[in-house]
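Please open the model in a viewer and keep the sequence panel at hand. The stops below are given in the order in which they may be selected.

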Amino acid sequence: MSTDNGRLARRSRRDVAAEPDYATPRHGSAFTRLRRTPGLSFLDSRRPSGQLTLSGSVRGELRKMLSLRSTWTLLLIVMLLQPLSTGLMTRATRIWAGLDRQIDDLPAHLLSASSDVLWLSVASGLFPGVIVAGILGVLVLTREFSGDTIESTLTANPRRGMVLMAKGLALALLTWLAAQAGLLFSWLLATLLLPGKSGALPASKPGLALIDLLGGPLVLVLFALMGLGLGALSRSKAGGIGLFLGLTVILPLIPGLMWGLIPHADWLQTLFSLTPASLLGTFLSGLGLASEAGVGWWPSWWQAGLIMVVWTALCCALGTLVFRRTDIG
C-alpha cells in the first residue's frame, strides 16, 4: 500500500507544471537583452538607480524649498532689508550733519569716523535680517511636521542625518545668495549717498570692508543654520521660533538686567559679549583690540566669528540628536 502511495505522489509531481522563476533572469531573456542595450546603461548593476546620495538630497531639498512661496518671501525680505536699512542710516547721517549742509560738510567728530559710518550703514541691514533668516531656518523643517509631509520625506530617504544635512546645505546656499546680493546693493547705495566718505580705515580696522562684504553673509548663514537646529529640536513652528527669539533677543537682556542689580560685576560684561546678538555686532564692527569694547574681556572680530560657529554647531548637534532619536508622530 505504501508503494502505491509513493508512485502516486511521484506521478502527481510530474503532472504539475513547474512555475516560471521570475526572480532569476535566464540567459537570453528580455531582461538580459535590455541590460545589454547601450542606450540604457543606467540600469547597470554597478550604478544602481535607487542609490541615495547627498547631492541628490540637496537638489531635492532645493526644489522643495523653491516651490514654496514662503521661502521666496523670506529670502526677498532678507535681501531687501539691507538696502532699506542702508538708505535709512545714510538719511539719518545727513539729517544729523544738518539739513542745509552738504554731506561733505560733516562735523569734525563725524568726519574722522566717516568710513566707519559708511560701513555701519552698509551692514546695518544684517541685524534685522538675522531674525528673518532664523525664522526661515526654523520653517525649513518644522513646516514638514505641521503639514504631515515629514513621513513622505523620511520614506524617500530614511537616513535622517542625511536629510538634515541636505536641508542645511540648501538653506545655507539660498541664505548666502540673498544676503550677499542685498549687501552688494547696500554697498552701492551707500557709496552713492555718501560720496567721498569711503576713505582709509583706522589702523585697528584694516579689513573692515572685507569683513562686512564677505563675512557678513556668512554670519547670516550661521544664524539660519541655528534656526534649523532649533527647529529640529522643538519640531514645531512656534517652539522653534520662540527658542530662536529667546536666544537672539531675550538672552542679551538678561546680563543688562542683572547689571542693574549687581553693580561693578565685570563678568556680566563678558557674559553679554558671548551672546549671539553681541557677537554679530562685534564681528561686523571689526574690532581688533579687546580694550576698545569696554570693561572686562571682549572678543575680537575673529574670536566672535569662531564663538558664533560654536553656537551654531551646538544648536545643530542638539537638533540632530533629537531628530534622529525621536519617533515621528
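**Stop one: the cysteines**

Select Cys316, which is partly exposed at a relative accessible area of 22%; partly exposed lies between buried (under 20% relative accessible area) and exposed (over 50%), with a 1.4 Å probe and protein chains only. The model is predicted, so local features need pLDDT of at least 70 and side-chain atom pairs count only at pLDDT 80 or more, while totals for chains, interfaces and linings use all residues. Residues are numbered from 1 along each chain as its sequence is written, and side-chain values use heavy atoms, without hydrogens and water.

Next select Cys315, which is buried, with a relative accessible area of 7%. Its sulfur lies 6.9 Å from the closest cysteine sulfur, in Cys316, too far for a bond. With a disulfide taken as a pair of cysteine sulfur atoms within 2.5 Å, the count is zero.

**Stop two: helix H10**

Helices are DSSP runs (H or I, at least four residues), numbered from the N terminus. Select residues 208-234, helix H10, of which 21 of 27 residues are buried. From first C-alpha to last, H10 reaches 37 Å, close to the 39 Å expected at 1.5 Å a residue, that is, 1.5 Å times one less than the number of residues. Centre on Gly215, where H10 has a kink of about 45°, shortly before Pro217; the bend is the angle between axes fitted to the seven residues ending there and the seven starting there. Just after H10, Arg235 has a positive phi of about 60°.

**Stop three: confidence**

Colour the chain by pLDDT, the predictor's confidence in each residue, from 0 to 100. Its mean is 79.

Key. Helices (H or I, at least four residues) and strands (E, at least two) are DSSP runs, numbered from the N terminus.
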